[in-house]
Amino acid sequence: MNQDQIRFKKLHEYSNQLRNRYLLVLSSNKIFNELNKMSAINIVGKKKAESNVKVFNQYRYYFLTSKEAVRCFLLIELAKFFDEDKRKQTLSIQNVIHFVEKRIESFFTVEFKKFYNDRKIIPELFESFKPLSQTDLNRIKRRLIRNSDSIARLKKYRDKFLAHDDTKKKIILINKKDINILFKIIKDTIALFYNRLDFSSNSYMNYEEEPLREINHLLKALSEHEEQRIAIIKEKYRV
């Protein structure tokens with residue numbers, strides 16, 4: 001395996017690692033948003049919201065701690081995707097782009113075919129394949145620049161409030177729109193690498209839908225358990 005193939009393999013591994021991290025942070029974002037929605041009358045309705053709040057209060061220490069843990073994990077992990085360091089040792093979007101730009105020839109079509117020497121790809125389908133290019137990277141870089149303020153605020157919040165607890169710190173505002181935009185940049189970057197390096201795409205359905213199904217199932221089970229507990233008490237004491 002020559003140097004170009006080693007670099008191709010390394011970038012492929014980086015892409016897999018970024019994707020695996022993205023799956024976890026995606027799930028955490030879904031869970032955090034769903035927990036917020038569950039007590040919102042304008043979203044789930046008055047009866048459902050009140051029922052959920054009763055469960056939250058019944059198990060307040062678990063839900064308060066879990067929600068804060070999910071929030072911290074979400075923001076810390078999200079910030080890691082945009083970290084930069086002089087030695088380029090951090091696995092972030094910016095550093096991966098730097099790795100590619102050092103020798104972009106390592107990712108041309110000829111190297112793709114060498115890497116997948118035994119892989120059977122339908123010729124007609126492969127005609128649509130495009131190798132990783134500087135144009136691709138420039139598009140991502142421009143989006144990073146456009147959103148540099150949001151990225152800076154996120155990393156500063158991570159450093160001042162989450163990774164450390166500075167005694168002298170100013171309020172740092174990070175809104176849902178900022179978070180969604182950064183998520184989209186990560187998702188599109190991973191999609192680009194998978195398309196150019198693996199000629200494949202990703203499906204995130206399980207990590208988007210299953211966390212919601214599970215948290216709702218948990219709330220329903222706890223609510224039903226609380227109703228049964230109250231019914232037993234009423235029957236026992238005839239109240």
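The model is predicted, so local features need pLDDT of at least 70 and side-chain atom pairs count only at pLDDT 80 or more, while totals for chains, interfaces and linings use all residues. Residues are numbered from 1 along each chain as its sequence is written, and side-chain values use heavy atoms, with hydrogens and water left out.

Visitor: How many salt bridges does a search of the whole structure find?
Guide: A salt bridge is a side-chain nitrogen of Lys or Arg within 4 Å of a carboxyl oxygen of Asp or Glu. By that criterion, the search of the whole structure gives a total of 19.

Visitor: Which residue is linked with Arg-158 and Asp-159 in a network of salt bridges?
Guide: Arg-158 pairs with Asp-159, their closest N and O atoms lying 2.6 Å apart. The network of salt bridges that holds these two residues also includes Asp-83.

Visitor: Is Asp-136 buried or exposed?
Guide: Asp-136 forms a salt bridge with Arg-139 at 3.3 Å, N to O. Buried means under 20% relative accessible area, exposed over 50%, and partly exposed in between (1.4 Å probe, protein chains only). Because its relative accessibility is 5%, Asp-136 counts as buried.

Visitor: In which helix do Arg-213 and Glu-210 both lie?
Guide: The side chains of Arg-213 and Glu-210 meet in a salt bridge of 2.9 Å, N to O. Helices are DSSP runs (H or I, at least four residues), numbered from the N terminus. The two residues are 3 apart, about one turn of the helix, and both belong to residues 205-237, helix H11.
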